[in-house]
Amino acid sequence: MIRHMYRLYPHPGLLVRLTVLHVVLAVLQGLLLGSLVPILRALLRPEPDFATATPWLVAGGIGVLVYWALKVIATPVGFAASMHLAAQLRHHLMRHVATLPLGWFTGDRKARLSRTVTTSAGNVAHLAATFGPPAITGTLVPITVVAVTFVVDWRLALVFLIILPIAFLALRRAGRITSEADRELEEAAVEIAGRAIEFGQAQPVLRAAGVGATGSARMRHALDDHRDRYLRGLRRSLFPDLTYTGVVMVGFVAVLVFGAQFLLNGSLAVPDTVALLVLAVRFLEPLGTLTELLGTLHAMDNAISRVESILHTPALPHKKNAVRRIEEASIEFDDVTFSYGDTPALSNVSFVCRPGTTTALVGPSGSGKTTVTRLVARFFDVDSGSVRVGGVDVRDLDHATLLGEIAIVFQDVYLFDTTIEENLRLARPDATREELEAAARAARLDEVIERLPDGWDTQVGEGGAQLSGGERQRVSIARAFLKRARIVLLDEAGSALDPENEGAISEAIANLARDPERTVIVIAHRPATLATADFVVALDGGRVMEFGSPVDLLRTGGTFARLHNQYEHARSWHIAT
Ligand SMILES: Nc1ncnc2c1ncn2[C@@H]1O[C@H](COP(=O)(O)OP(=O)(O)OP(=O)(O)O)[C@@H](O)[C@H]1O
């Protein structure tokens with residue numbers, strides 16, 4: 001565990017100093033107790049021998065002073081170290097997470113990441129600095145006491161030596177059970193975190209069903225499961241904990257019985273007996289505290305495993321001599337096959353998108369449209385075949401270069417809780433006012449900004465809540481203009497937009513496509529977008545069923561013509577008033 005903990009920290013120097021400090025404290029404590037023996041031998045006699053006792057008393061006094069001085073500085077040093085180590089670990093984690101493939105960030109993993117960065121990283125650092133030291137003391141003091149006892153009376157040292165492994169065996173068993181219980185509890189806590197996020201997001205649906213406060217069965221189930229696992233863990237660890245405490249108590253009684261026996265038969269002097277009893281107390285007391293620490297130490301071990309499991313997630317493979325520039329922004333799928341684990345998503349997909357063109361992806365739900373856009377941005381690597389951008393396999397392209405070329409406009413755009421201007425500037429922090437305004441005009445965002453009370457300085461709220469879905473998409477399209485992205489991957493809003501937003505977004509997409517250097521791929525849900533696309537890729541079951549211009553495909557009357565008719569049909573519906 002200690003080795004694992006050290007490996008987590010890029011700069012473990014602080015941890016090394018802290019550990020050394022506590023090792024010194026533990027050994028010093030054992031030796032100070034040992035110095036009682038010559039002192040008591042010299043003083044507990046009819047005529048005390050002060051000449052022999054004085055050097056030991058002086059050495060013991062200095063030792064006590066040093067011990068307390070170190071003890072006093074150890075506490076603040078421990079807390080400061082805990083803060084530094086937590087910050088160091090969190091930075092380390094975030095740096096690593098930033099290198100993971102974007103496809104890694106599923107809902108469950110985001111919940112796990114959030115708990116690991118906040119709770120687990122904090123615990124690992126806090127425990128290392130505050131619970132590690134008593135654990136060192138609890139182990140090293142009894143070992144030092146045994147060594148000192150050997151010098152005084154080998155028979156009682158043997159009694160200690162017999163107790164020690166039995167106590168550690170009992171402790172290990174209790175530890176294993178506590179650790180399993182803690183792991184189960186953490187799984188349940190992650191489940192609660194995930195369900196809590198879901199519960200928040202699903203509030204509109206739950207409230208519409210009239211069950212906003214109590215409605216999530218999954219949430220209730222997660223809470224009940226957490227409680228059950230906690231109680232089960234308590235019940236399971238009760239017996240091993242009692243066994244360990246029993247071993248320590250029996251050990252103490254054994255030392256008393258043997259000590260009294262040796263005293264009565266005259267093989268142990270009174271001063272030695274008194275000193276050995278003090279040593280016995282200091283031998284058994286830290287062992288007793290170990291069981292209390294045990295749960296915490298195992299929680300620490302599990303927290304270390306959780307941090308490690310994220311740190312060991314392989315980063316996106318990165319080539320040393322990766323290509324850092326592409327001439328043009330063409331996109332080519334060459335016999336691409338891809339699965340999410342066991343779920344096949346794309347099979348032998350091939351098509352080409354040239355700069356200056358817009359390609360619409362159409363197909364029924366689950367046909368693989370989103371996956372195509374994810375593979376262009378290298379959220380995942382393909383199983384076979386190749387995705388090329390500007391003629392270069394995306395695996396050979398520097399990832400930052402690739403993402404620098406791409407703007408992604410999701411269906412549900414996330415905006416940061418700041419002003420519209422700051423949200424746009426994310427795409428290019430040094431953009432001039434003219435550039436910002438030109439991007440807003442091209443995305444038809446200018447008219448939205450004019451309507452807002454504080455114009456460019458309007459706060460958009462958490463996630464962009466002050467704006468409608470269509471308006472948020474316009475912000476995202478404006479970012480694509482500002483970034484001068486040569487590739488735009490756009491997932492048109494599937495749900496109905498009001499006519500104003502629908503018209504504005506169609507025009508914004510047409511504006512994007514006007515740049516002869518830009519390649520646009522749009523997951524199209526509206527006939528207007530399909531009509532303006534240069535090419536259509538019709539997918540079904542992860543395969544390309546048709547590829548060609550919309551006019552040609554309508555004429556051939558295949559998958560695309562069928563979908564187009566469905567879209568048109570859906571559009572002609574209206575609610576009678
Ligand atoms: N993260 C994921 N993990 C596992 N399977 C996934 C994941 N994302 C998509 N899939 C599966 O891959 C297949 C293709 O999904 P994809 O999202 O690409 O389809 P789509 O055409 O975009 O669907 P929709 O129009 O409903 O968004 C589906 O069977 C889907 O269930």
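**View 1. Arg 374 and the ligand.** A nitrogen atom of the ligand sits 3.2 Å from an N or O atom in the side chain of Arg 374. A polar contact here is a pair of N or O atoms within 3.5 Å. The protein covers 62% of the 630 Å² of accessible area that the ligand has on its own (Shrake-Rupley method, 1.4 Å probe). This is a predicted model: local features need pLDDT of at least 70, side-chain atom pairs count only at pLDDT 80 or more, and totals for chains, interfaces and linings use all residues. Residues are numbered from 1 along each chain as its sequence is written, and side-chain values use heavy atoms, with hydrogens and water left out.

**View 2. Ser 365 and Ser 367 at ligand oxygen atoms.** Ser 365 places a polar side-chain atom 2.6 Å from an oxygen atom of the ligand. Ser 367 uses its backbone: an N or O atom there lies 3.1 Å from an oxygen atom of the ligand.

**View 3. The shell around the ligand.** Residues around the ligand include Tyr 340, Ala 345, Pro 364, Lys 369 and Thr 370; a residue is near if one of its heavy atoms lies within 4 Å. By class, three are nonpolar, six polar and two charged, with Gly counted as polar. Helix H11 (residues 369–376) gives the largest share, four residues. Helices are DSSP runs (H or I, at least four residues).

**View 4. Two annotated spans.** An unreviewed UniProt entry annotates residues 20–44 and 242–264, among others, as "transmembrane region"; such annotations may be inferred rather than shown by experiment. Residues 20–44 are 92% helix, with end C-alpha atoms 36 Å apart. Residues 242–264 are 100% helix, and their end C-alpha atoms lie 33 Å apart.

Conventions
A polar contact is a pair of N or O atoms within 3.5 Å; within protein, one must be able to donate a hydrogen and the other to accept it, and residues adjacent in sequence count only if both atoms are side-chain atoms. Helices (H or I, at least four residues) and strands (E, at least two) are DSSP runs, numbered from the N terminus.
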